[in-house]
Amino acid sequence: MSKLSISATIPKQIRKWVCHKLECFGEYIEAYTRALDDNRCCYLELYAGCGNCICKGTDCVIEDSALRALGTERKFDKYILIVRDDGDAKNLKKLTAPYHTADIEIISGNCTSEKVLQQAFDLIPRSASSFALIDPPGYRRLRWSTIKKLAAHGRDWRGHKIELLIIFPLEMALLRNLTRPECQASITRLYGNRRWEELSHKRLEGKIGAEAMRRQLVKLFKGGLKGLGYKHVEDFKPASPSKQPFYHIILASDSKLGTKMLKAAWGKERYLPCELLYNREGQNIGER
Ligand SMILES: C[S@@+](CC[C@H](N)C(=O)[O-])C[C@H]1O[C@@H](n2cnc3c(N)ncnc32)[C@H](O)[C@@H]1O
């Protein structure tokens with residue numbers, strides 16, 4: 001953890017819950033890579049950031065998901081990071097430079113575009129396994145067509161599709177916008193169908209409460225992933241520093257390995273880097 005004065009939009013400011021998410025992800029990806037053994041695996045990040053961020057209120061500079069994936073003890077064979085613009089790409093390139101022994105490719109562009117996604121696919125060696133982190137800044141940026149393309153990309157030597165870890169933006173206005181006519185198109189783009197409308201009608205008629213609604217929205221998305229042929233589709237509600245977590249975790253995989261790791265990383269109370277009792281090596285309160 002270091003301190004830095006905030007001068008521009010890079011690094012971006014984040015709130016405490018994002019720091020919590022990154023801490024959980026760091027632990028998850030460490031456990032995931034440890035379980036890879038000798039298998040070749042590519043790391044793909046669709047909505048990568050600029051490498052670091054600043055926590056609002058504390059000015060802590062925090063590594064984002066890409067740097068955490070690069071920092072694991074057992075490395076991925078390749079890292080493919082898709083950032084939105086050249087500014088983020090430049091900063092990420094600078095921050096990933098110390099990891100010069102790793103095979104890192106940074107693509108600048110819209111990750112929902114066919115061309116950009118194809119650029120990423122072309123970099124994945126045939127028959128290597130892949131893990132994709134999908135962490136959009138809100139539900140409007142996530143499209144079912146992108147998920148479908150990832151699932152259809154190809155299979156590794158074990159016949160497994162790209163594993164997807166989705167930070168599902170449940171509270172990033174999806175729930176709130178569900179009954180707004182002007183949001184219909186973006187919600188249909190997210191789910192790839194109009195089945196969510198049934199839930200919206202129930203909500204308008206007062207037949208479903210907020211908690212049941214959250215569960216149903218996640219269930220609907222999971223149903224879509226199962227329809228793409230994933231053998232294991234799990235979800236997990238993060239133990240969050242705020243009352244209602246802003247996101248939900250969804251994992252789609254052809255291997256059942258990740259489920260336990262999800263619970264271990266996201267299911268426990270933890271300290272953050274700005275807190276006195278934080279310990280990066282052993283953040284798990286339950287393990288103390
Ligand atoms: C929620 S942040 C996640 C960043 C990173 N995964 C992390 O945890 O720190 C979402 C990121 O996606 C980027 N982004 C937004 N729309 C995008 C798009 N269409 N294609 C690629 N990146 C995008 C934003 O610039 C932002 O950095």
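Which residues line the largest cavity? The model is a predicted one, in which local features need pLDDT of at least 70 and side-chain atom pairs count only at pLDDT 80 or more, while totals for chains, interfaces and linings use all residues. Residues are numbered from 1 along each chain as its sequence is written, and side-chain values use heavy atoms, with hydrogens and water left out.

The largest cavity is lined by Lys21, Leu22, Phe25, Ser65, Leu133, Asp135 and Ile167. A cavity here is a set of points, on a 1 Å grid over the protein atoms alone, where a 1.4 Å probe fits but cannot get out, and a lining residue has an atom within 4 Å of a point. The volume of the largest cavity is about 40 Å³, a volume being the space filled by probe spheres set on the points, which are joined across faces, edges and corners. By this rule there are two cavities of 30 Å³ or more. With three residues, α1 gives the most to the lining of the largest cavity; helices (H or I, at least four residues) and strands (E, at least two) are DSSP runs, numbered from the N terminus.

About 870 Å³ of space lies in the largest pocket, and its lining is made up of 34 residues, of which Lys12, Tyr47, Asp135, Pro136 and Pro137 lie nearest its centre. At least two residues of this lining come from each of β2 (12–14), α1, β3, β4 (52–55) and β6 (78–83).

The ligand sits in the largest pocket, in the sense that more than half of its atoms lie within 2 Å of the pocket's grid points. The shell holds 19 residues, among which Glu45, Ser65, Asn110, Cys111 and Asp135 come nearest to the ligand; a residue is near if one of its heavy atoms lies within 4 Å.

A backbone N or O atom of Tyr47 lies 3.3 Å from a nitrogen atom of the ligand, and a backbone N or O atom of Cys111 lies 2.9 Å from a ligand nitrogen atom.

Methods
A polar contact is a pair of N or O atoms within 3.5 Å; within protein, one must be able to donate a hydrogen and the other to accept it, and residues adjacent in sequence count only if both atoms are side-chain atoms. On a 1 Å grid over the protein atoms alone, a cavity is a set of points where a 1.4 Å probe fits but cannot get out, and a pocket is an open set with protein on both sides within 12 Å along at least five of seven lines; lining residues have an atom within 4 Å of a point.
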